[in-house]
Amino acid sequence: MPEEKVFPSDSADEAYPEPSKKNLDPTCQELRNPDSIEQAKQSRKKALLQFRCRVEDAIISNYILEDTKGKITSNPKENLNPRDITLWGVPLQPSKGHEGTDIVLLKFLRSKDFKVSEAFNMLRRTLKWRKEFDVEGIADEKLDSGLENLSSVDGEDKLGRPVCYEQFGALKNREFYNKTFGTQKKHEEFVRWKIQSMEKGIQKLRFRPGGANSILQVTDLKNSPGPAMKELRSLNKKTLALFQEKYPDLIFRNIYINVPFWDFVSHSLQSQNSNSKFVFARPARVTQTLLKYIAPENIPVQYGGLKREIDDEFSPNDKVVSLSVRGGAEQIIRIPVAETGVTVVWDVAVVGYEVNYKEEFIPDDDCSYNVLLQVEKKMRESVRNSFYIYEPGKIVITIHNGTTKKKKIFFRHKTKPTLPLYILK
């Protein structure tokens with residue numbers, strides 16, 4: 001497959017562009033003067049109306065996929081009825097009245113600073129590229145690349161956006177790396193896999209007012225290949241440029257976590273720009289960074305959250321309590337249980353860890369013995385434990401912060417009826 005159909009540009013500047021005003025979240029571009037804000041709103045409404053008319057005319061006059069009226073740029077056998085053209089599952093013809101049409105059109109307008117002609121040309125290029133690259137249906141396509149386990153759509157952020165994760169640690173294996181990037185054809189397969197991952201995330205979007213209309217992208221660089229393995233770096237830059245051109249305003253943030261030192265230094269100024277679409281986090285700040293966008297119950301345990309891949313105990317709807325413990329102090333969590341014949345299950349996560357942790361069951365009856373559930377140890381990951389209640393009492397969890405920094409704690413628990421083991425036997 002010709003590379004020019006995949007990538008909009010091979011230039012270094014376009015392959016990894018610096019953040020610009022057109023890439024910023026629109027809320028960050030509003031002017032502060034009330035009169036200017038109102039003028040900007042009216043200008044954008046006018047631009048949207050003009051864009052709607054331009055798209056409607058192009059569809060009705062049958063040149064949305066053509067260079068000029070009556071001049072077809074693609075194979076005539078593959079021509080579609082323009083009135084049936086959709087993008088990301090949304091009909092593009094404004095007169096059809098679909099609630100997502102304006103949302104899709106606005107993404108192209110924002111990307112081009114509300115310049116109608118540029119947005120219209122960008123839309124047409126996107127539609128032609130999707131047809132040439134056979135993107136429709138790619139989400140369900142079986143790719144023989146061995147990369148399918150390196151990406152997933154897992155949970156939502158605080159505003160309901162789907163979170164797409166990519167992990168490149170497996171590519172540190174030289175044999176797997178060479179198999180993945182050994183030929184030009186393999187390069188194209190990698191790009192197709194990236195597009196497939198993007199399309200799977202888009203399937204989770206609602207494209208309706210007040211709904212989730214963009215994606216939060218999290219890329220884990222832990223154990224990823226170093227700078228010497230330049231094929232991965234080059235293709236990632238090119239696909240980033242491709243996404244900015246063909247999927248405008250669909251990625252809310254690109255968050256890179258576990259960033260190696262050499263990458264972090266080169267992007268430190270970019271990550272300090274609060275308006276940037278790109279966020280970079282070193283290993284020690286992974287959890288803190290993700291918590292700005294994702295609730296703890298939706299952050300995977302390997303990143304310091306409470307979400308487990310297969311979880312029969314808790315769901316994202318279960319309440320999570322947020323606590324804190326000062327430096328040099330203790331935080332004691334008590335779970336009183338008056339009912340017997342139940343099992344208590346609990347999750348605890350401490351942001352940044354570096355604390356000591358102990359669990360015990362203390363019966364209400366002073367004549368009964370305390371049960372040590374977890375001897376005090378250094379906490380290095382999110383903790384889940386359970387205990388069968390055979391008499392009234394309380395679970396006591398003690399967290400000692402020996403550092404000088406205040407630590408945030410996330411905690412949840414539930415009880416469930418349980419048959420004693422001797423009955424089950």
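Patches are made of residues with over 30% relative accessible area and no salt bridge, with like charges joined within 9 Å. A salt bridge is a side-chain nitrogen of Lys or Arg within 4 Å of a carboxyl oxygen of Asp or Glu. This is a predicted model, in which local features need pLDDT of at least 70, side-chain atom pairs count only at pLDDT 80 or more, and totals for chains, interfaces and linings use all residues. Residues are numbered from 1 along each chain as its sequence is written, and side-chain values use heavy atoms, with hydrogens and water left out.

Lys158, Arg326, Lys406 and Lys408 form a positive surface patch. Lys406 sits in the loop between β16 (393-400) and β17 (407-417); helices (H or I, at least four residues) and strands (E, at least two) are DSSP runs. Lys406 is exposed at 62% relative accessibility, where buried means under 20% relative accessible area, exposed over 50% and partly exposed in between (1.4 Å probe, protein chains only).

The whole structure holds 19 salt bridges, including these:

| Pair | Closest N to O |
|---|---|
| Arg206 and Glu156 | 3.6 Å |

Arg384 in strand β15 (residues 383-389) and Asp347 in strand β12 (residues 342-350) are 37 residues apart. Arg384 is partly exposed at 24%, whereas Asp347 is buried at 1% relative accessible area. Salt bridges with shared partners also join Lys107, Arg110, Asp249 and Lys277 into one network.

With a disulfide taken as a pair of cysteine sulfur atoms within 2.5 Å, the count is zero. Cys53 is partly exposed at 47%, and Cys367 is exposed at 67%.

Definitions and conventions: Patch = residues over 30% accessible without salt bridge, like charges linked within 9 Å, V, L, I, M, F, W, Y side chains within 5 Å. Areas by Shrake-Rupley, 256 points an atom, 1.4 Å probe, with all protein chains shown as cover. Lys, Arg positive; Asp, Glu negative; His and termini not counted. Charge placed at Lys NZ, Arg CZ, Asp CG, Glu CD.
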